[in-house]
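Here is a quick walk through the model you have open. Keep the sequence beside the 3D view as you read.

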Amino acid sequence: MDKKKNISMAVIKRLPKYHRYLRELMENDIDRISSKELSEKIGFTASQIRQDLNNFGDFGQQGYGYNVKELYNEISAILGLTKIYKTVIIGAGNIGQAIANYTYFDKVGFSVQGMFDINPKIIGLKINDVEVLDIDFLDDFLRKDNIDIGIICVPKNSAQKVCDMLIRNKVKGIWNFAPVDLQIPEDAQIVVENVHLSESLLTLSCLMNDDIN
Ligand SMILES: NC(=O)c1ccc[n+]([C@@H]2O[C@H](COP(=O)([O-])OP(=O)(O)OC[C@H]3O[C@@H](n4cnc5c(N)ncnc54)[C@H](O)[C@@H]3O)[C@@H](O)[C@H]2O)c1
């Protein structure tokens, strides 16, 4: 059964936060937690938590709370974290290298198989044990290695070209850091998630200045 069917995007967007907190609880050897305690940690109301988690099954037990490991495993499964995703990073500059060096992604199953760049000064470098290859090899690499996710970290004027190559080679997901709306053909079987650090920063600045009017 597809547990995500009919689940709102708002609930799906909250799941990574549950996952992060539950992981922390497990690391601290905490076996069970009530929705009230979880609510104090996570910042959602207890009723919100119960409502969210009820979407996916009957987890909590009256008077016992949630079994942390069970819930963590279940949310991991809903988030698709029960397998290893093969990823490639295109653009091995500041962001590309930061992602490759962030070991958490690997821990939760996103394995960097290759990095690609056009700059001869960067090609050949090893970032966290992954060699940066010439972009000319990307097409071949994608075809042979069954890559699941392409992480776009190139300047915005190169992003669409890279995106087209990923789609052509049947990559299933794009994590796009370039500040551009990628054009995706309607029949493409691909999911795109855009990341805009600047939007988060501008939200911060707005909230810090909410006395303007
Ligand atoms: N999403 C965000 O929150 C966020 C934040 C900062 C920057 N960005 C964007 O992320 C991208 C990367 O930023 P950065 O700071 O890492 O830039 P950077 O200049 O440090 O790195 C970009 C790399 O891409 C390489 N490159 C250029 N054209 C290429 C191509 N056709 N194929 C392969 N490699 C190519 C360059 O040689 C360089 O190494 C930019 O589009 C930038 O605007 C996004």
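## Around the ligand

For sorting residues by class, Ala, Val, Leu, Ile, Met, Phe, Trp, Tyr, Cys and Pro count as nonpolar, Asp, Glu, Lys and Arg as charged, and the others, Gly among them, as polar. On that basis the shell around the ligand has 15 nonpolar, eight polar and two charged residues. The ligand is surrounded by 25 residues, and the closest are G91, G93, I95, S158 and L197. Two or more shell residues come from each of α5 (94–101), β4, α8 and α9 (197–208). Which element gives the largest share of the shell? That is α5, with three residues.

## Ground rules and overall layout

This is a predicted model: local features need pLDDT of at least 70, side-chain atom pairs count only at pLDDT 80 or more, and totals for chains, interfaces and linings use all residues. Residues are numbered from 1 along each chain as its sequence is written.

The chain has nine helices and nine strands. Helices (H or I, at least four residues) and strands (E, at least two) are DSSP runs, numbered from the N terminus. The domain assignment gives domain 1 (9–78) and domain 2 (85–199), with bounds that come from an automatic or database assignment. Their C-alpha centres lie 32 Å apart. Taken along the principal axes, the C-alpha atoms fill a box of roughly 60 × 50 × 35 Å.

Of the 213 residues, 23% count as buried. A residue is buried if 20 or more other C-beta atoms lie within 10 Å of its own, exposed if 12 or fewer, and partly exposed in between, with C-beta atoms placed from the backbone. Two residues are in contact if their C-beta atoms, again placed from the backbone, lie within 7 Å. Among contacts between residues at least 6 apart in sequence, 55% join residues at least 24 apart.

## Helix α8

α8 (156–168) has 13 residues and reaches 19 Å from its first C-alpha to its last, close to the 18 Å expected at 1.5 Å a residue. That expected span is 1.5 Å times one less than the number of residues. The buried residues of α8 are A159, V162, C163, L166 and I167. Seen down the axis of α8, these fall within an arc of 135 degrees, so they line one face of the helix. The arc is that of the directions from the helix axis to the C-beta atoms.

What covers that buried side? The cover includes β3 (85–90), α7 (138–145), β7 (149–152) and β8. The face turned away from it carries the exposed residues N157, K161 and R168.

## Two positive phi angles

Just after α8, K170 takes a positive phi of about 65 degrees. K170 sits in the loop between α8 and β8 (173–176), and is partly exposed because 14 other C-beta atoms lie within 10 Å.

D129 also isn't a glycine, yet has a positive phi of about 75 degrees. D129 lies in the loop between β5 (126–127) and β6 (130–134). Is D129 buried or exposed? D129 is exposed, with 7 other C-beta atoms within 10 Å.

## S111 in β4

S111 belongs to strand β4 (residues 110–117). With 13 other C-beta atoms within 10 Å, S111 is partly exposed. Leaving out residues up to four places away in sequence, S111 touches I84, Y85, K86, T87 and D106. S111 and I84 are 27 residues apart in sequence, but their C-alpha atoms are 6.8 Å apart in space.

Terms used:
A residue is near a molecule or strand if its C-beta atom, placed from the backbone, lies within 6 Å of it.
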